[in-house]
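Work through the exercises below on salt bridges. Each task is followed by a solution in steps.

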Amino acid sequence: MIAIDFGVYIVVAIVVIALGAAAGSVALTRTRRRRRGAAPTAPPDAPPRPPLQAPTETTTAPVEAPHAPTPAPAAPVAEAPPAAPPSYRSRLGGVRGLFSGALSSMRAGRIDQDTWDSLEEALIRADVGVSTTTALLDELRSKVETKQIHGGDDLLEALGNSIRELLHTGGSRELHFDGRTGSPDVWLFVGVNGVGKTTTIGKLARRQTTAGHSVLLAAGDTFRAAAADQLAMWAERAGTEIVRGAEGGDPSAIVFDAVQRAAARGNDLVLADTAGRLHTKVNLVEELKKIRRVADRDPGNVTEVLLVLDATTGQNGLAQAREFADAVDVTGIVLTKLDGTAKGGIVISVQRELFVPVKLVGLGEGPDDLVDFDPDAFVDALLAPD
Ligand code: GDP
């Protein structure tokens with residue numbers, strides 16, 4: 001009898017310890033979610049968010065519905081707090097190297113034929129573009145002739161000022177967010193395949209979530225199944241949800257569904273991926289126009305159309321950019337892969353030729369390697385001594 005009673009005590013003690021551990025683990029999960037800046041919960045007077053519904057007339061299906069199994073994250077990045085943004089200087093090694101000859105000549109106080117030649121070569125090789133390079137050098141030469149510039153140091157300062165002036169055109173660099181109640185802002189991402197659209201959306205989802213937005217991702221690139229999988233991985237990292245459909249499905253339907261769901265659930269921002277590859281340019285243009293129209297239909301509110309360009313493609317990227325700008329009203333440029341390319345000068349011609357502001361730049365593949373474009377920091381890094 002005593003032995004039985006003792007056994008019962010042990011069983012009860014084990015159950016009590018197990019329940020305590022489970023409660024502790026739930027509390028920890030919640031704390032972690034809050035710490036990593038998960039989407040803010042609805043205010044007390046807001047209606048509760050309805051759960052993501054099963055796919056209906058559209059082919060979209062939630063990847064991260066609360067009741068569905070979530071894919072394992074590729075890396076435990078969501079647990080890590082956002083790192084300090086990388087500095088331009090640390091990531092612009094490629095293009096900085098091109099200017100070292102011209103800069104050392106100017107710092108030595110010289111303005112001779114070698115100085116002009118090496119400056120011209122650096123600007124051309126950095127993909128600033130022939131017309132912009134010519135305009136820049138003509139302006140500097142005339143300042144030397146009219147004695148506004150006396151020596152190498154003056155020339156260096158004038159060069160920096162001229163580049164800054166070129167970069168300060170194109171309008172506001174702020175990402176536009178209206179935040180109307182019940183009407184999610186939609187930011188569309190356009191650009192050819194491989195430029196870094198999906199990666200940019202992933203990085204931005206993390207950034208906007210950390211800033212307190214409730215973000216929903218729309219996997220509108222239905223050309224590659226891998227694009228939606230890749231986006232799902234970034235959604236996991238950012239602690240956001242994603243609406244996706246079948247490969248080859250209608251991207252407009254996915255974006256439409258995402259906007260409806262976002263409005264119903266109280267998400268204030270939809271980041272929508274699009275495909276950058278269709279059989280013909282006409283198809284691509286029509287597709288993008290349709291996505292934009294559908295995304296802007298009530299309750300959606302398209303407040304950004306961001307053209308993603310790969311800096312490593314240099315001047316070739318500009319031709320693509322013009323086509324996309326013709327198709328949809330582009331509100332800003334995201335210039336990716338500025339790290340590790342010597343063609344960083346493209347940032348100057350993009351602004352000069354398209355009159356659209358570069359709003360964000362990619363300085364690496366990591367989740368925190370997307371920064372606001374800061375022209376002063378860019379020029380300082382470009383012309384800084386080694
Ligand atoms: P998408 O086809 O336009 O969606 O392009 P992805 O997002 O799949 O990106 C293509 C490749 O570019 C991937 O390997 C990314 O990791 C890489 N990438 C994207 N942005 C950057 C960047 O800013 N720097 C570097 N170095 N790589 C990047």
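**Exercise 1.** With which residue does aspartate 380 form a salt bridge, and how far apart are the closest N and O atoms?

The model is predicted, so local features need pLDDT of at least 70 and side-chain atom pairs count only at pLDDT 80 or more, while totals for chains, interfaces and linings use all residues. Residues are numbered from 1 along each chain as its sequence is written, and side-chain values use heavy atoms, with hydrogens and water left out.

Step 1. A salt bridge is a side-chain nitrogen of Lys or Arg within 4 Å of a carboxyl oxygen of Asp or Glu.

Step 2. The partner of aspartate 380 is arginine 164, with the closest N and O atoms 2.6 Å apart.

Step 3. Aspartate 380 belongs to helix 13 (residues 375-383) and arginine 164 to helix 6 (residues 152-167), so the pair ties together parts 216 residues apart in sequence. Helices (H or I, at least four residues) and strands (E, at least two) are DSSP runs, numbered from the N terminus.

Step 4. Arg164 and Asp380 are also linked with Asp376 in a network of salt bridges.

**Exercise 2.** Are lysine 359 and glutamate 304 buried or exposed?

Step 1. Buried means under 20% relative accessible area, exposed over 50%, and partly exposed in between (1.4 Å probe, protein chains only).

Step 2. The side chains of lysine 359 and glutamate 304 form a salt bridge (2.8 Å, N to O). This pair links strand 8 (residues 358-362), which holds lysine 359, to strand 6 (residues 301-310), which holds glutamate 304.

Step 3. Both lysine 359 and glutamate 304 are buried.
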